[in-house]
Amino acid sequence: MKQNFILWLATIIIVFLAGYMNSTTGPYYPVSGTIGLDGQPVTFKIDKIYRGNDGYVVNISTDVKNINAFLIWRIIPENNNNNIVNLREGKNSVNWQKAKMNYSGKIITGKLPAGKPGEKISCRVELDYNGKQYYLPADKAVTIELWGKVNPEILQLYYFLLFGGLILGVRTGLEVFKDKPKIGIYTIFTVIFFFLYSVCLVPLVKTYELNAINHIIPSLSQLITAQSFSLLILWIVGMGLIFNIKGNKIIPLILSGLTLIIYITIHF
């Protein structure tokens, strides 16, 4: 019992650390920061991916009064992924739109226009205070990837199957350290979780993101991801190896390690 508890605890810690690494090193980690104006903080956070049918709302939190804020944005053409634009020098300013943000209480709010699924929009905030201009973020605009709204219950099941598969995959590898390991059982459940995740939930989420229901028929390439496909194939092949090469304790450990590597490094 104690050994089992330790192995499950180690599994959860490993998956938690992998999840942290995936989010912080991934392309969709939000841009956030704080600047000071007259000794008062001005805090912002802008997501890099947005799932919704309405425009994305940008919020700035501050106690500073008499501040004018403007939301500056432009839709990025499909053939131009370069969002590093120096607004101070006015480069490409013809492509940029500027709208005044609303100040309510301690929150400054601005709303971007709704876009098409897969469209990218660059934005940043300009603050005018005491005759000076400040930009959030200071160095460059943030690119936000726009997708259709996904039902919250579907997203919950999506993450349940993903992290359930990761936990079972890591637990399968750690099972080799038990006196009487049950590697086969954990392997079967891992395959089941990744099968449901890759074949059922990922295509469903992609269908919602593409706003395809009653509109278009997505292609197969639009409904799968390299990450989900890699995880499924890895464990199908791994299950064959585990059941055909019985007693080999290296294979489950390798599968667990490759599972974490795929999850951390492949974000699409």
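## Helices α2 and α3

In this predicted model, helices α2 and α3 are roughly antiparallel to each other, because their axes cross at an angle over the 145 degrees that this description requires. The angle itself is roughly 155 degrees, and the two axes come within 8 Å. Here α2 covers residues 152-174, while α3 covers residues 183-209. If you look at the handedness, α2 passes α3 in a left-handed crossing. Sorted by class, the residues of this contact are 20 nonpolar, 6 polar and 1 charged.

## Helices α3 and α5

Let us stay with α3 and turn to another partner. Helix α5, residues 226-244, packs against α3 at an angle of about 155 degrees, and the axes are 9 Å apart. That angle makes α3 roughly antiparallel to α5. The crossing of this pair is left-handed.

For a closer look at the contact, follow α3 through I183, G184, T187, I188, T190, V191, F194, F195, Y197, S198, V199 and V202. On the α5 side, these residues meet Q227, S228, F229, L231, L232, W235, I236, M239, I242 and F243. The contact of α3 with α5 divides into 16 nonpolar and 6 polar residues, with no charged ones.

## Helices α1 and α6

Now for a pair with another orientation. The axes of α1 and helix α6 (residues 250-265) come within 8 Å and cross at roughly 25 degrees. The two helices are therefore roughly parallel to each other. Their crossing is right-handed, with α1 passing α6.

Which residues make this contact? From α1 come I14, A18, G19, M21, N22 and T25, and from α6 come L260, Y263 and I264. By class, the contact of α1 with α6 holds 6 nonpolar and 3 polar residues, and no charged ones.

## The largest pocket

The volume of the largest pocket is about 740 Å³. Its lining has 26 residues, and the closest to the pocket centre are Y28, R51, Y158, Y159 and H267. Taken by class, the lining is made of 15 nonpolar, 7 polar and 4 charged residues.

Several elements share in this lining. Helices α1 (2-25), α2 and α3 each supply at least two residues, and so do strands β3 (49-51) and β11 (142-147). Which element gives the most to the lining? The answer is α3, with 5 residues.

## Two backbone details

Two spots in the loops are worth a visit. Most residues other than glycine have a negative phi, and most peptide bonds are trans.

The peptide bond from L136 to P137 is cis, with omega near -10 degrees. You will find P137 in the loop between β10 (132-136) and β11. Strand β11 is also one of the elements that supply at least two residues to the lining of the largest pocket.

D38 sits in the loop that lies between β1 (31-37) and β2 (40-46).

Key: Residues numbered from 1 in each chain as written. Predicted model: local features only at pLDDT ≥ 70, side-chain atom pairs only at ≥ 80, totals over all residues. Heavy atoms only, no water. Axes fitted to C-alpha atoms, helices over the stretch in contact; angles between N-to-C directions. Helix = DSSP H or I, 4+ residues; strand = E, 2+ residues; numbered from the N terminus. Parallel < 35°, antiparallel > 145°, perpendicular 65-115°, else oblique. Left-handed = near helix turned anticlockwise from the far one by under 90°. Nonpolar A, V, L, I, M, F, W, Y, C, P; charged D, E, K, R; others polar. 1 Å grid on protein atoms, 1.4 Å probe; cavity = no way out; pocket = protein on both sides within 12 Å on 5 of 7 lines; lining within 4 Å. Points joined across faces, edges and corners; volume = space filled by probe spheres on them. Contact = heavy atoms within 4.5 Å.
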